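Hi everyone, thanks for coming.

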Amino acid sequence: MKVLIPGITGRLARLTALRLLERGHTVMGIDRRPWPEAPPGVEVFQIDIRKRAAEDIFRRHRPDAVIHMATVTHLTVQNEDRYRINLFGTRAVFDHCHHYGATQAIFVGRHTYYGAAADSWLYHGEEDPPMAMTTFPELADLVAADLYAGSALWRYPELDTCVLRLCYTLGASTSGTLATFLSGRRVPTVLGFDPLFQFMHEEDAAAAIVVALESKLRGVYNVAGPQPLPLTTLARASGATAVPVPEALLGVMFGRFGLPLLPPGAVAHLKYPVVIDDSSFRARTSFMHTHDEDDTIADFRRAVGR
Amino acid sequence: MVFGNGHGHGLGLGASLRYDGVVWTDPEVEDRLERLEIPFGPRGIDPYGASRKELGLFMSLLGLLYKRYFQVRVHGVENVPQRGRAMLVGNHQGGVALDGAMVIASMFFEMEPPRLAQGMAEKFIYMLPFASEWATRCGQLSGLPEHAERLLQDERILMVFPEGARGTAKLYWERHSLVHFGTGFMRLALATGTPIVPFAFLGGGEAIPTVMNLYRIGKLLGAPYIPVTPWLLPVPRRVPLDIYYGEPMHFTGSETEEDAVIEGYVDQVKDRIAHMIEDGERERGER
């Protein structure tokens, strides 16, 4: 199958590309950033997905399937920019899929879509509403992109659209939201709160994306790995020191005393869990994770040298 | 720690606790934890965040209250299924969650194999530091229908007080009455095919005789209200407590019944509990 990956230089996208190659697919990618050490056989076009040149790639190469991973998820990019990149980029990907005959499109979203709050429950089903913005307004673009991608199911019924909501990923690459948070020696927690964190090995995450592609999955699915762990258990297991900070002081402490700089909305994610139910994905694809929580943490820990 | 200081007020509180360098645990609790049929992961955490280690500490402390301080008498524990989903439905008595704590203790200490009763706690608890963490580690989730349904589908034992916070607000002279029962538990029981085990909890009103509730101060502190006893604080008196478990009640339905039908079923449960409270009062010599 000819697979195009917008956002191919991202960590999870690279792992997905390598896995697709291994399984005999033809892989090409689009990204603003280069991938100098891209394996032979993977063609990377260094362009912005929203630009005309990206459309030319679709026209010229006519991919069978597209795995859209060109969303900006790190919060260092200004809110409005991020919103534009994520929404207009997603629109471009689905429009091009429709116009140039792709039969499958996968949008890789995140489980933080469901939001963290005192009144949210454990094990969200795909039908649960997105509550992320109530406590973490910075996530608005991710929620909007996720819902927008899902709308392709009725806008382009001929296209098999699949939205995957992945839990946090962790592994040897040491990048990603959770890895960045855990990579410092000190991990801030909110005093008196210790929410469950749900994470999976990044190799398993890539495998899940490939499985979704090969099973021609259509619809919206949560994707997760082993049982979630409390944040402090996870932080300690990864070799960091959990530093409990009273909530009132957290705003001042972020970015100081060896603690990472986090937006204020992130506090809710340190107090309350976001845990998803992935049973329908497993039932439809026979996906099984191969790395348990200890394995996953050990790979991350080795990579950060702790 | 308070428990090892040798001044056990004649209760022998220090006797059964063992300090293993990390937590205080009771050997009996250790043994029972071992036999608890809950899927703890490799790090001792279950899928809902309950922790073996913290449960050990919690049950050890709860055991002291349950056995040494109050001397709880449990009747009809054989009515609770040994395995599989079940809903314990009973009355509130006592201004704080003494009733819930004692039911949890009775399931853990009297059942063979021991079971973890999981309550549907008030949502405000999860906004409070420490309370939020401890409730979760001990398997007590916030009272959301999604949690209740999931736990039952997972063959857990759910503890339900259909009177809700209005029930814990009962004053001393109202202790044997039942306030309005919600209907959510019945719809859930029908939807999940769960047997209902009615229970009556007695003695809580004597242990914590609430004379008034401070609603405004409670709001300020983030709680629904603060109960006030003749000695001001809701510190329980050392009185005997009784828990009566009745025979399981099975209801079947299509999940689409009119409210009137559901309320009829709820009244059957409420009547059973009211009778059990009356019988209990008679046995306790309060009537």
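So, which ring does A:Arg165 lie over? It's A:Tyr113, and A:Arg165 is over the face of that ring, at 3.7 Å from the ring centre. The rule here is that NZ of Lys or CZ of Arg must be within 6 Å of the ring centre and within 35 degrees of the ring normal. There's another case: A:Arg155 has its charged end over the ring of A:Tyr148, 4.7 Å from the centre.

Quick housekeeping. This is a predicted model, so local features need pLDDT of at least 70 and side-chain atom pairs pLDDT 80 or more, while totals for chains, interfaces and linings use all residues. Residues are numbered from 1 along each chain as its sequence is written, chains are lettered from A and ligands numbered from 1 in the order in which they are written, and side-chain values use heavy atoms, leaving out hydrogens and water.

A:Phe193 sits in the loop between β8 and β9 of chain A, and A:Tyr272 in the loop between α11 and α12, so the pair ties together parts 79 residues apart in sequence. (Helices are DSSP runs of H or I with at least four residues, strands are E runs of at least two, numbered from the N terminus.)

Are these two buried or exposed? A:Phe193 is buried, at 3% relative accessible area, and A:Tyr272 is buried too, at 10%. Buried means under 20%, exposed over 50%, and partly exposed in between, with a 1.4 Å probe and protein chains only.

The largest cavity has 17 lining residues, and A:Tyr272, A:Pro273, B:Tyr126, B:Ser132 and B:Thr136 lie nearest its centre. A cavity is a set of points on a 1 Å grid over the protein atoms alone where a 1.4 Å probe fits but cannot get out, and lining residues have an atom within 4 Å of a point. The largest share of that lining, three residues, comes from α4(B).

And back to where we started: A:Tyr113 is among the residues that line the second largest cavity, along with others including A:Phe107 and A:Asp146.

Definitions and conventions
1 Å grid on protein atoms, 1.4 Å probe; cavity = no way out; pocket = protein on both sides within 12 Å on 5 of 7 lines; lining within 4 Å.
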